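Here's a quick tour of a few residues worth a look. Have the viewer open as you read.

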Amino acid sequence: MTCHSQVRMVDHAANHLVFYLVQGMEVGITMVIKNSNGSLALSVLHCGCYVKDLVISLDGGASWFYQGFINAFEDHIKAAVEKAIPENIIEGAGKLDSFLQGLPRTVSLDDVAALNMTFVNDPHYGNSSIEFDINGLITSAVAKTTNNLQKHPHLSLSCGGASKMLSLSLDEDVFNSALDVYFKAGSMHWVVDKVPDQSLLNTASWKFIIPRLYWNYPNDDMLLNISMASSPVIKITSEKIGATINADMIIDVIDGKQTVPVACISVVVSASGVVETSGNKVYGRVGLDDFSLALKWSKIGNIYMSLIQGVIRVFLNTVCMPYLNSRLGNGFVLPVVHGFTLQDVYILTSAERLTLCSDVIFTNASSLASLAFL
């Protein structure tokens, strides 16, 4: 870096005009950012400053007297400048290093889940870009985050030829880790007591399909107690984003003041959907592809799955899918630096990966000015 500068100062007390003229100043700095135990560490390898010419001239007053001293110490002043500039750069780099070391290792998403923000791999530099790889998996909000220091190959991120400021790649493991955390926390449980056709939650509607249900509990209301049998699984391909949901649906009969479980049906649902974004959040929307039913146990005799399949299909499309979409509508927070937001996002899918390509804009410039290293 080479620069030329001139500064004019006025000393009112002595009635002096002071001119500083710096010509051909070159500043060179070599820095490196590496992964250090899951954090980023910045260090200065080389830093130097060379000033070709430094001219200080005085005008007015007793300048003729002081100018001689200035000229005599010109080389010393130039050396002091060449020393001071690298020292200030190194000091600033130290503040930036402290800031990077202090970046949070987890970001809380809610009371259940947190995003693991520990870094893996060293940054990867391109001709006009820099790539950071973070763990990115969702963990329990109450569990201590452990560093995943395993080296992973750098991915070749592509935005389909478009020029975007940010490419963010999310592996399907990120989504599956989130589902696993919520499953283990017992959050995937749902009691259905309202449906569009409320008569379906009364035993009288089933007397010809499941006779023993009506005989044992005539004209009683029912509940559907739905819980996940295992964590749902997300699969991303270049064609679509698919999900497999394995749930147990227990039929409860309200017999007076008692709630009696009478049967349990295993429901395996195949669904596919799309991903949308708004600001720094990713939202999902799914639709039913197919499903299968199996009777796990029954206190009301055999239940023929072929007889109830049509009703279950309507139930999945009109109750379960809208409910699932309402939960997905809460969104997933993307790991974007505070003070920035995404703009003009578009989404690409490939084998096991979801890539978001976006420009980045300021949302709160004042928050950036308050950073310690600025």
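This is a predicted model: local features need pLDDT of at least 70, side-chain atom pairs count only at pLDDT 80 or more; totals for chains, interfaces and linings use all residues.

## Cysteines

Let's start with Cys-47: its relative accessible area is 25%, so it falls in the partly exposed class.

What about disulfides? A disulfide is a covalent bond between the sulfur atoms of two cysteines. The structure has zero of them. Cys-47 has no such partner: its nearest cysteine sulfur belongs to Cys-49 and sits 8.1 Å away.

## An Asp without a salt bridge

Next up is Asp-220, which you'll find in the loop that runs between helix H4 (211-216) and strand S11 (222-228). Asp-220 is buried, yet it makes no salt bridge. How far away is the nearest side chain of opposite charge? That side chain is Lys-207, and it is 14 Å away.

So who does Asp-220 touch? Setting aside neighbours within four places in sequence, it contacts Leu-201, Asn-202 and Thr-203, along with Val-253, Ile-254 and Asp-255.

## A buried Asn with a polar partner

Asn-121 is part of strand S6, which covers residues 119-125. Is Asn-121 buried or exposed? It counts as buried because its relative accessibility is 7%. The side chain of Asn-121 has a polar contact of 3.0 Å with the side chain of Asp-133.

Methods. Residues are numbered from 1 along each chain as its sequence is written. Side-chain values use heavy atoms; hydrogens and water are left out. Helices (H or I, at least four residues) and strands (E, at least two) are DSSP runs, numbered from the N terminus. Buried means under 20% relative accessible area, exposed over 50%, partly exposed in between (1.4 Å probe, protein chains only). Lys and Arg count as positive and Asp and Glu as negative; His and the chain ends are not counted. A salt bridge is a side-chain nitrogen of Lys or Arg within 4 Å of a carboxyl oxygen of Asp or Glu. Contact means heavy atoms within 4.5 Å. A polar contact is a pair of N or O atoms within 3.5 Å; within protein, one must be able to donate a hydrogen and the other to accept it, and residues adjacent in sequence count only if both atoms are side-chain atoms. A disulfide is a pair of cysteine sulfur atoms within 2.5 Å.
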